[in-house]
Every structure is written in C-alpha cells, then in structure tokens.
Amino acid sequence: MSGEQTASVTHRAAASPGVIFCEVLSGKGVSARHVLGDSALVVGSSEEADIRIADVTLSRRHASVEATPRGVRVEDLGSRNGTWYLGAGIREALVPLGATVRVGKTLLRFSGADAESQGPIIEGLLGNSPAMVQLRAQLARVAKADVAVLLRGETGTGKEAAARALHQSGPFVTFEGGHAGGELVDSQLFGHQKGAFTGASQSRAGALEQADGGTLFLDEVGELDPNVQVRLLRVLETRRFTRLGGGEARTSSFRLVSSTQHDLEQRVRERTFREDLFFRLAVVVIDVPPLRLRTGDVRLLAEHFAAERGVNLDGVTLAAWERAPWPGNVRELKNAVERYRTGVGAGTVEAPAAAREQVLSDVEKSLLAAALDEHGWDVAKAARRLGLSRSQVYRQMQRHGLEPKRKGGRAKGD
C-alpha cells in the first residue's frame with residue numbers, strides 16, 4: 001500500500017502476554033508509558049484525552065487504542081492528520097506487539113510486560129533492537145556513577161545523545177577536540193583574561209570553568225592536539241587551571257564524558273595519543289552501535305524523522321532503506337528522509353556507490369550552506385540546526401570549500 005492509501009489492516013498475533021503498554025516514543029510526551037486495559041483509551045491533545053500528548057499536529061480526539069487477545073486495536077477518530085502504520089494511513093487496524101504507529105508527529109509503540117526490562121526511552125537514542133536496549137541499560141547503570149566515560153562509535157551513531165543521557169545536573173558543556181591548537185583553543189578550553197591576546201577585549205570563562213557543577217563533554221577527543229593533551233591531563237589530575245593571560249589558579253568540578261570514532265588504543269601504540277590521558281578518560285568504555293547492527297531500527301527511526309518533518313514515507317522506500325548499509329549511520333538516514341521530503345535524490349539508496357556519494361555530497365553542501373545562511377554564518381547556531389557538533393560543521397565547510405562570509409561578501413565556494 002502506498003503512503004496515500006487509507007485501509008483497514010489486520011495481523012495475526014499471538015495471545016496477549018498480560019499487561020500491554022502504549023509507549024510515547026517522540027514529542028513532548030517522550031518516555032511516557034501507559035497501561036492498556038479492556039476498554040479503549042483515547043489519544044489526543046485534549047485535556048479530556050486518556051493519553052494526552054502536547055503535539056499540535058494531533059486532533060483533540062485523534063485515535064483510540066485498545067488491548068485485545070490478538071494484539072492492539074487502533075482506530076482513527078476522524079483526525080485531521082491521520083493515523084499511520086507501515087507507511088499507510090489507517091481507519092482501523094489490529095497491530096501486533098512491538099508495532100509502531102504514528103499519530104500526527106508522535107510515535108506510539110505497543111509492547112508487552114517485558115518492556116519494563118528494556119530501560120527508559122532516551123531522547124535521541126530511539127530503537128527497539130537488542131543493541132539499543134543494551135546501550136540504554138549501560139547508560140542507565142553508569143549515569144549515577146562518578147566516573148569518566150569514553151563513548152566509542154562511528155560518525156553519526158549518536159554519541160552526543162549518549163553523553164546527554166549520562167548528564168545528571170548542572171550545565172552540559174561541549175568542547176570540540178577537532179579544533180587545531182593555538183591561543184583560540186586554549187581560550188575555548190581554559191578561558192582568557194582581557195588583553196591576553198589580540199582581540200581579547202574582555203575576560204571569558206572557558207569550557208572547564210563553564211562545566212563546573214555539571215558535565216564536560218570532550219567531543220572527538222582522539223583529534224586533540226598533542227599540546228592540548230598535556231595541559232588537559234594536568235587539569236584532570238589536579239582540577240586546577242589558569243586562564244590564558246591570567247595568574248590566578250581556578251578549580252572546577254565536573255562529570256567527564258568523552259567520545260571518539262578512532263581506535264585510541266592503536267593511537268596510544270603509535271604514540272599519537274598519550275597513554276596516561278587515555279586511562280584518565282576511559283575509566284568506563286561504552287560502545288555506541290552502528291545502524292547496520294541495529295536490526296529493525298531503520299524503519300522506526302525513518303518514521304520518527306519523517307513525522308518530525310510532516311512526511312509520509314511509502315512502504316517501498318522503507319523496505320529498500322531497511323536493506324541499505326548506512327555507512328553514515330543515523331545522521332545519513334536522517335538526511336535521506338530530508339531528501340525524500342524535498343524530492344532530491346529520493347531513490348539513491350541502491351544507486352551505484354560513486355553516484356550515491358556524489359548525491360550525498362551535493363545534498364550535504366546544500367543543506368550546510370542553507371543552514372549557515374539562515375543563521376548569518378554563525379557556526380554554533382548552524383550546528384544546532386543541523387543536529388551536528390561545531391567540529392563536524394567546520395570539517396564539512398572545509399570539505400566543500402565554504403568559508404565564513406565577511407560582512408558584505410560571499411563565501412568561498414558560492
């Protein structure tokens with residue numbers, strides 16, 4: 001069935017395992033879990049709804065959900081934006097446990113009593129696969145322990161989301177390890193006093209100082225400049241540092257979380273990364289799985305990103321995406337949904353590798369330039385808009401020949 005069809009759908013399902021949950025996987029009601037009984041519960045935005053969700057795309061009485069011995073009966077109640085299952089709009093459907101249904105821009109998942117053992121749903125770490133269930137359980141166990149954590153994973157897997165899951169309280173401060181060395185990096189990490197260097201018109205606290213009482217996230221720590229590694233190690237050993245151009249010793253207490261896509265043990269053996277710093281960072285090591293090892297999560301994630309953009313994906317595209325390797329992981333899948341929405345390169349999943357990479361490169365450059373233009377070439381704001389780190393945006397700008405616009409000028413590569 002295409003994404004434009006509306007149909008009644010029935011699936012054969014096993015007998016009910018007992019308690020059945022309706023879990024809100026996205027939107028402002030994320031991580032909410034409701035128990036379904038013998039009578040139907042109304043899902044909607046109204047205060048009178050049994051399952052109320054703050055989603056402006058939901059009707060006041062959007063749909064009803066009801067547990068049955070053969071699964072969950074879902075009925076659309078004449079909503080304005082429809083109820084969707086497996087890429088098709090539905091009037092009424094009997095769906096099995098484990099199924100995901102979209103109402104407006106919100107995803108609902110129906111699961112049995114064993115859902116209690118899967119751990120909390122964490123924003124940015126959506127997935128039902130065993131790999132993601134294990135990851136969320138690891139993060140939940142480590143979150144309250146006062147130890148340094150190193151997150152390992154390929155680019156685009158969601159390491160920053162995992163870092164935020166470990167964050168407990170206070171500020172969450174990111175330092176981009178991909179920056180080169182020099183005064184600018186020293187200023188960003190340690191801070192500086194007024195007049196410390198040309199252009200330092202006022203004093204500024206660095207990432208170490210800003211993270212006091214919270215979490216310091218060292219993004220792509222494997223790319224730290226060797227000189228910065230030395231100074232950072234000293235701070236981690238003493239928790240004392242001085243601002244650039246200042247003489248006063250300062251202290252900061254923070255939770256330390258790092259991430260890398262590199263094999264740091266190999267870099268230690270190659271003497272490009274300090275062994276003593278590695279041991280300081282890797283008290284606990286957690287691997288964030290690539291999308292190709294997350295069986296069944298591609299469809300769930302694709303539907304989630306599509307819901308955020310108000311897009312209805314067709315079943316053929318979803319089936320093709322489930323067979324794709326996704327070397328760029330979750331970020332690449334999110335970009336594919338964006339291409340589908342705009343109609344640019346929507347059928348490139350199974351195209352020859354060279355052509356596919358060119359399409360990806362062109363779309364990446366276009367999205368990057370648009371985000372930078374939208375925010376006046378403010379890299380930090382553009383990074384938030386794209387869901388990337390600042391170091392990733394800088395690397396993309398370099399790859400595509402884009403340089404910050406000067407006032408009244410044009411960017412290189414325009």
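Arg73 and Glu92 form a salt bridge, with their closest N and O atoms 3.6 Å apart. A salt bridge here is a side-chain nitrogen of Lys or Arg within 4 Å of a carboxyl oxygen of Asp or Glu. The pair links distant parts of the chain. Arg73 is in strand β7 (residues 71-76) and Glu92 is in strand β9 (residues 88-95), 19 residues apart. Helices (H or I, at least four residues) and strands (E, at least two) are DSSP runs, numbered from the N terminus.

This is a predicted model, in which local features need pLDDT of at least 70, side-chain atom pairs count only at pLDDT 80 or more, and totals for chains, interfaces and linings use all residues. Residues are numbered from 1 along each chain as its sequence is written, and side-chain values use heavy atoms, with hydrogens and water left out.

**Salt bridges**

Are Arg73 and Glu92 buried, exposed or partly exposed? Buried means under 20% relative accessible area, exposed means over 50%, and partly exposed is in between (1.4 Å probe, protein chains only). Arg73 counts as partly exposed because its relative accessibility is 23%. Glu92 is also partly exposed, at 34%. Both belong to a network of salt bridges that links Glu66, Arg73, Glu75 and Glu92.

Side chains of opposite charge can pair when their charged atoms come close. How many salt bridges does the structure hold? The count is 18. Three of them are set out here.

| Salt bridge | N to O distance |
|---|---|
| Arg73 and Glu92 | 3.6 Å |
| Arg109 and Glu23 | 2.9 Å |
| Glu48 and Arg60 | 3.6 Å |

Take Arg109 and Glu23, whose side chains meet in a salt bridge. This pair also links distant parts of the chain. Arg109 is in strand β11 (residues 106-111), Glu23 is in strand β2 (residues 20-24), and they are 86 residues apart. Arg109 has 2% relative accessibility, so it counts as buried. Glu23 is buried too, at 1%.

Now take the salt bridge between Glu48 and Arg60. Glu48 lies in the loop between β4 (41-44) and β5 (51-52). Arg60 lies in the loop between β5 and β6 (63-68). The two are 12 residues apart. Both are exposed.

**Aromatic rings**

A search of the whole structure finds four aromatic pairs. How are the rings of Trp321 and Trp326 placed? Their centres are 6.0 Å apart and their planes are at 80 degrees, so the pair is edge-to-face. The rule covers rings of Phe, Tyr and Trp (its six-membered ring), which pair if their centres lie within 6.5 Å; planes under 30 degrees apart count as stacked, over 60 as edge-to-face and the rest as tilted. Trp321 is buried, with a relative accessible area of 2%. Trp326 is buried as well, at 1%. Ring pairs link Trp321, Trp326 and Tyr340 into a cluster.

A charge can also sit over a ring. Arg239 lies over the face of Phe254, at 4.3 Å from the ring centre. The cut-offs are that NZ of Lys or CZ of Arg is within 6 Å of the ring centre and within 35 degrees of the ring normal.

Helix α10 has 14 residues (329-342). Its end C-alpha atoms are 20 Å apart, which agrees with the 20 Å it should span at 1.5 Å a residue. That expected span is 1.5 Å times one less than the number of residues.

Asn329 lies in this helix. Its phi is near 60 degrees, a positive value in a residue other than glycine. Asn329 is buried, with a relative accessible area of 0%. Just after α10, Gly343 takes a positive phi of about 80 degrees.

Glu220 is not a glycine, yet it has a positive phi of about 55 degrees. Glu220 lies in the loop between β16 (215-219) and α5 (226-238). At 2% relative accessibility, Glu220 counts as buried.

**The whole protein**

The protein has 13 helices and 20 strands. Of its 414 residues, 49% are buried. Contact means heavy atoms within 4.5 Å. Among contacts with a separation of 6 or more, 61% join residues 24 or more positions apart.
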